Amino acid sequence: MKKLALMAFLIAACSTTPQWQKEGATKESIAADLDGCEAQAPIAPRVQGTQGMPSGVGGERKAAFNTMAEREGQRMQKDEKFVAECMRKKGYSD
């Protein structure tokens with residue numbers, strides 16, 4: 001059940017994007033600053049393969065998927081946090 005709640009949280013987090021605002025900023029300048037912050041983000045590479053993932057059939061495969069989903073969720077959160085901090089440093093609020 002805990003894994004299901006985590007997946008629901010991740011889906012909700014992915015569907016909501018901060019609406020960055022800054023006095024005097026145009027949509028184009030906001031998009032350019034956001035692109036710049038995203039380009040600077042130290043995006044952690046996705047981990048493929050068997051690292052920390054059991055192999056086998058049935059429940060073992062499900063455990064492997066859950067482990068992979070948790071790592072991906074943590075990676076996404078770190079990336080989003082970096083971009084948010086970058087935008088705030090540029091004077092934006094969300």
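The legends below describe close-up views of a predicted model.

Residue numbers start at 1 in each chain and follow the sequence as written. In this predicted model, local features need pLDDT of at least 70 and side-chain atom pairs count only at pLDDT 80 or more, while totals for chains, interfaces and linings use all residues; side-chain values use heavy atoms, with hydrogens and water left out.

**View 1. Confidence along the chain.**
The pLDDT, which is the predictor's confidence in each residue on a scale from 0 to 100, has a mean of 76 over the chain. A value of 70 or more is reached by 59% of the residues. Helices and strands are DSSP runs numbered from the N terminus (helices H or I, at least four residues; strands E, at least two). Among the elements of the chain, the highest mean pLDDT, 94, belongs to helix H2 (residues 27-40), and the lowest, 57, to helix H1 (residues 2-15). In residues 50-55 the pLDDT is below 50, and this stretch has 10 contacts in the model beyond near neighbours in sequence; a contact means heavy atoms within 4.5 Å. Where pLDDT is low, the predicted coordinates should not be read in detail.

**View 2. The disulfide of Cys37 and Cys86.**
A search of the whole structure gives 1 disulfide, defined as a pair of cysteine sulfur atoms within 2.5 Å. The sulfur atoms of Cys37 and Cys86 are 2.1 Å apart. The link is left-handed, with -75 degrees about the S-S bond. Relative accessible area is used to class residues as buried (under 20%), exposed (over 50%) or partly exposed (in between), with a 1.4 Å probe and protein chains only. Cys37 is buried at 0%, and Cys86 is buried at 10%.

**View 3**
Between Glu72 and Arg75 the closest N and O atoms are 2.7 Å apart. These two residues of helix H3 are 3 residues apart, about one turn of the helix. Glu72 is partly exposed at 21% relative accessibility, whereas Arg75 is buried at 11%. Asp79 is also buried.

**View 4. The salt bridge of Arg88 and Asp94.**
The side chains of Arg88 and Asp94 form a salt bridge at 3.2 Å, N to O. Arg88 is partly exposed, at 43% relative accessibility. Asp94 is exposed, with a relative accessible area of 54%.

**View 5. The largest nonpolar core.**
A nonpolar core is a set of buried Ala, Val, Leu, Ile, Met, Phe, Trp, Tyr and Cys residues joined through side-chain atoms within 4.5 Å. The largest one has 9 residues: Trp20, Ile30, Cys37, Ala41, Val83, Ala84, Cys86, Met87 and Tyr92. Helices H2 and H3 each supply at least two residues of this core, and H3 gives the most, with 4 residues. Leaving aside neighbours within four places in sequence, Tyr92 has contacts that include Trp20, Ile30 and Met87.

Methods. A salt bridge is a side-chain nitrogen of Lys or Arg within 4 Å of a carboxyl oxygen of Asp or Glu.
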